[in-house]
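Thanks for coming, everyone. Please have the sequence and the model open while I talk. I'll take it sheet by sheet.

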Amino acid sequence: LAEDPNNEGWLLDSVMRLAPTVGYAGGTLEYYNAMRTIGAAPRKTLTGDELTLENIHATYDTDADGHDLLRFEDSVMHDAALRYTEHRINKLTLSGELLETVSRIGGDRFHVLIGIDDSSSEDCIQKNEIAYLQARLRAGDVILSGVDDLAFKAVAKLYLSEIGWNGAQINVQYFGGTEDRPACDYDYKPLTEIVAEHLGYFDLTVEDTPADLYVLVLTQPEDAAQKQQYIQELTAVLNERLKANLPVILIDAGNGQYGTVFHDALTKKAELGKLLSYAGFLDMAIVTGTALSHGVARYAFLQHGEQTDATEQAFVRTLADSILKDFCYKNIVRNDILSFVRNDLSGNADNFWMPDIDRVAILERLEAGMAVAVAPVIENLERSNFISSLSATREYAERGWGGVELTGYGFPWDRAFEISMEIRLGAFTEPHKALLGIYYK
């Protein structure tokens, strides 16, 4: 690959998470909690020449105060803890060798993007690992929060490179009052820092209004009694931006603290289909990269790309997928599936094969639940317009969404956490007209 001067690529890697996914290789919740407790414990901080594989490995066994972390009365769990630390040092060794190899033969056309997932704001076991890798990064290599969104970020960056992206000005507003702390228990930095790092990755400069792009973020509520106020404030600003035909990226970093109230308000009062991108599904360490990757790529395409029905359909499907899975599955239908699997089928929602349960019945339950949950959201999308032209050389233009039909539901990993589905679109229309703020076909 490196021998061809026309090749450019991103190699994806990760800092090993604090504990494996429940259900993976038969892992139990007890095992997950035990390993995560070991991983999240503060470690001695290594700096400079101290950051060697041998020294980092030595910090795995004890916390910052020298207490043994691997001692379990249960011999099975003790052996598991020892395997856990061996896996970590093997993974870190491999990552270090990747960076050395790319430095030796990859030139400046191959970059490494490393994600951090299932982390902790404490000085956890990842702290020295991250420092070890950061010391070996070349110009253009990056370590960012989030792993599930790595491919989104890499593909978006490749596209920006291809079109000669010179960056853009972006305005970011937070609602909820907790942006100065980690957005969830699985992140390791305050939300504002995570967002800032991602903005830097995409060459975005923060500006007051006016700007090229707008990002609205709902955080966890500082005051639970003010949840409705935070939602109303964000929705008002969102509608103001959309009415002015401005490109908006929306991030729900509320971590489930608003239940379905936020989504209900957006469905009733906002033109969801006009967003550049949306993310709220999955852990908060992932939503920032997902929303910005999709939104920045779409903005850049509107500036530089040649729109066709195929490109517009791809965009619309991406936006619909993000909204429908978060609004309808994550916060409504999934809870019913979890209860059905555990209570009616006496199964494991994290692995439908352990024990082997009736997957046809689960799928039927999913289809029935989604049919009800998606109806108002699809109605909103079908009444929405989307931005189809937005550049200095082409006149601003919109197109109307056509029909949206969902088929082919499934559980790709045979667990309740996520679903797959096919989104079928009708032909796009002339822009829908608004009456009293509501768009009609």
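Let's start with one term: two strands pair if DSSP finds at least two bridges between them. Helices (H or I, at least four residues) and strands (E, at least two) are DSSP runs, numbered from the N terminus.

Now, where does this come from? This is a predicted model, in which local features need pLDDT of at least 70 and side-chain atom pairs count only at pLDDT 80 or more, while totals for chains, interfaces and linings use all residues. Residues are numbered from 1 along each chain as its sequence is written, and side-chain values use heavy atoms, with hydrogens and water left out.

Three strands make an open sheet, ordered β1-β2-β3, with parallel pairing. β1 (9–15) and β3 (142–145) are at the edges with a single partner strand each, so one side of each has no neighbour in the sheet. Neighbouring strands here are turned by 25° against each other on average, direction ignored. A note on angles: axes are lines fitted to C-alpha atoms, for helices over the stretch in contact, and angles run from 0 to 180 degrees between N-to-C directions.

Look at β2, residues 110–116. Four bridges join β2 to β3, and the two run parallel. Find isoleucine 116: serine 145 in β3 stands opposite.

What packs on this sheet? Helix α5 (residues 150–162) does, touching β1, β2 and β3. Contact here means heavy atoms within 4.5 Å. The direction of α5 makes about 155° with that of β1. Helix α6 (residues 191–201) also packs on the sheet, touching β1, β2 and β3, and its direction makes about 140° with that of β3.

Next, helix α4, residues 126–134. Seven of its nine residues are buried. Buried means under 20% relative accessible area, exposed over 50%, and partly exposed in between (1.4 Å probe, protein chains only). Among the buried ones in α4 are Ile130, Tyr132 and Leu133. What do the buried residues of α4 pack against? They pack against β1, α2 (53–59), α3 (75–105), β2 and β3.

Let's zoom in on β7, residues 248–253. Six bridges join β7 to β6 (residues 213–219), in parallel. Valine 217 has isoleucine 251 of β7 as its bridge partner, and tyrosine 214 has valine 248. On the other pairing, three bridges link β7 and β8 in the parallel sense. There, isoleucine 251 partners alanine 279 of β8.

Is β7 mostly covered or mostly open? Covered: six of its six residues are buried. Val248, Leu250 and Asp252 point one way, and Ile249, Ile251 and Ala253 point the other way.

β6, helix α7 (residues 227–243) and β7 make a right-handed β-α-β unit. Right-handed means that, with the strands pointing away from the viewer, the path from the first strand over the helix to the second runs clockwise. From β7, the chain crosses through helix α8 (residues 261–269) to β8, and this crossover is right-handed too.
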